Amino acid sequence: MQELKQTIKDLVVVGKGILAADESVKTAAKRLASIGVESTDETRRQYRNLILTAPEIEKYISGVILFEETLHQKSNDGVLFPEHLRRIWVVPGIKVDNGLAELNGEQITKGLDDLGERLEVFKKAGTRFAKWRAVYSISENTPSDLIINRNAADLAKYAKICHQHGFVPIVEPEVLIDGAHSIETCYNVSEKVLKAVFNALKKEGVKIEYIILKPSMVISGKQAINRANVDEVAKKTVKCLKATVPEELPSINFLSGGQTPQEATAHLNKMHTLGEKLPWHVSFSYARALQEPALEAWKGKDENLHTAQMAFIRRAKLNSLATIGKYREEMENEIEVM
Ligand code: 5MM
């Protein structure tokens, strides 16, 4: 328990969030292809180096979720990435799900069978927290009760196994943004999903004070007409969380899920300026919304390394400000932030 308590203390820090840099080889290839770079062991290492060695990353980021491959790769200075993070007081974490599998036209998450053994290996590599993602797709007939209950049960089993091995589990139920659904539909689905997740965690006897929730925001579908504005997203997200998440949960760290970097920052900031008391630490665990500008600035070229690192740090700074309600839209046009 002492181990879990310490990890929560190190991850849940005012003004800081968790960086998701756990793109699998397939997803990393997609990201690199978007800037015309071929995905190889070496280009993926170079890209991880860019992000993880960005100057003063530790001012805004308390932990980083890594992909297994990255555990064994080294920075340009020859230091294993988990060790590099440890040296700058950033907690290394690990994505432990093995991706998605189909079940009756919907998706479940793979990786429970040998999870305990894998966690022991990941512990030796220096990681202290884990992440497991379940996805829910919104359509006329989905998500089904079958998928909601199955994903909830698997997330709870995963969390329990993590605790048995001294890892803080990040529980990530992602209601996908794809589709033309309204924000109300997203609210209803998110509420149902979160209720099922916390019921399953309770049933499994998981100690809520040692987990972190990584949910999607309550938001209109990406293809919806008249998408809800920033105010409505923030209000509905907070309402949904208050209706479903126990107060003893230490931290909620949102995923960005296909929002633009600016949207993801503005939504988080608004939640902190509604004038409502939030019983948990409320922060970010973005992948794309933190990394996209850096990826675009880099383009796989050494000479762009510094500019790209600055683009990443800028986004990290803006999101750090959003976690305390101090972000302003005008900052997007300022060259120097703060
Ligand atoms: C939903 O994806 C997670 C958060 O990322 P965004 O902020 O971009 O939505 C992210 O941690 C994701 O789980 C990882 O990038 C791993 O994804 P893949 O598809 O490689 O398993």
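## The largest pocket

Helix H2 contributes four residues to the lining of the largest pocket, the largest share of that lining. The structure described here is a predicted model. In this model, H2 spans residues 25-33, and at least two lining residues each are also supplied by strand S5 (106-109), helix H6 (115-124), S6 and S7.

The volume of the largest pocket is about 950 Å³. Its lining comprises 35 residues, and those nearest the pocket centre are Thr-27, Arg-31, Lys-95, Arg-133 and Glu-174. By residue class, the lining of the largest pocket contains 16 charged, ten polar and nine nonpolar residues.

## The ligand and its shell

The largest pocket is the space that the ligand takes. Two elements give two or more residues to the shell around the ligand, namely strand S6 (129-136) and strand S7 (168-175). S6 and S7 also each supply at least two residues to the lining of the largest pocket.

The ligand is surrounded by 17 residues, the closest being Ser-24, Thr-27, Lys-95, Lys-131 and Ser-256. Of the shell residues, nine are charged, four are polar and four are nonpolar. Thr-27 and Lys-95, which are among the residues closest to the ligand, are also among those nearest the centre of the largest pocket.

## Polar contacts and burial of the ligand

At Ser-24, a polar backbone atom is 2.7 Å from a ligand oxygen. At Arg-288, an N or O atom in the side chain is 2.7 Å from a ligand oxygen. The ligand taken alone exposes 500 Å², of which the protein buries 91%.

## The second largest pocket

The second largest pocket has a volume of about 200 Å³. Its lining consists of Asp-10, Val-13, Lys-16, Ser-62, Leu-85, Arg-86, Trp-89, Val-90, Val-91, Pro-92, Gly-126 and Arg-128. Helix H5 (81-87) and strand S3 (91-95) are the elements that give two or more residues to this lining.

In the second largest pocket, the lining divides into six nonpolar, four charged and two polar residues. For the largest pocket, the corresponding division is nine nonpolar, 16 charged and ten polar residues.

Definitions and conventions
Residues numbered from 1 in each chain as written. Predicted model: local features only at pLDDT ≥ 70, side-chain atom pairs only at ≥ 80, totals over all residues. Heavy atoms only, no water. Near = heavy atom within 4 Å. Polar contact = N/O pair within 3.5 Å; in protein donor to acceptor, adjacent residues only side chain to side chain. Areas by Shrake-Rupley, 256 points an atom, 1.4 Å probe, with all protein chains shown as cover. 1 Å grid on protein atoms, 1.4 Å probe; cavity = no way out; pocket = protein on both sides within 12 Å on 5 of 7 lines; lining within 4 Å. Sits in = over half its atoms within 2 Å of the grid points. Nonpolar A, V, L, I, M, F, W, Y, C, P; charged D, E, K, R; others polar. Points joined across faces, edges and corners; volume = space filled by probe spheres on them.
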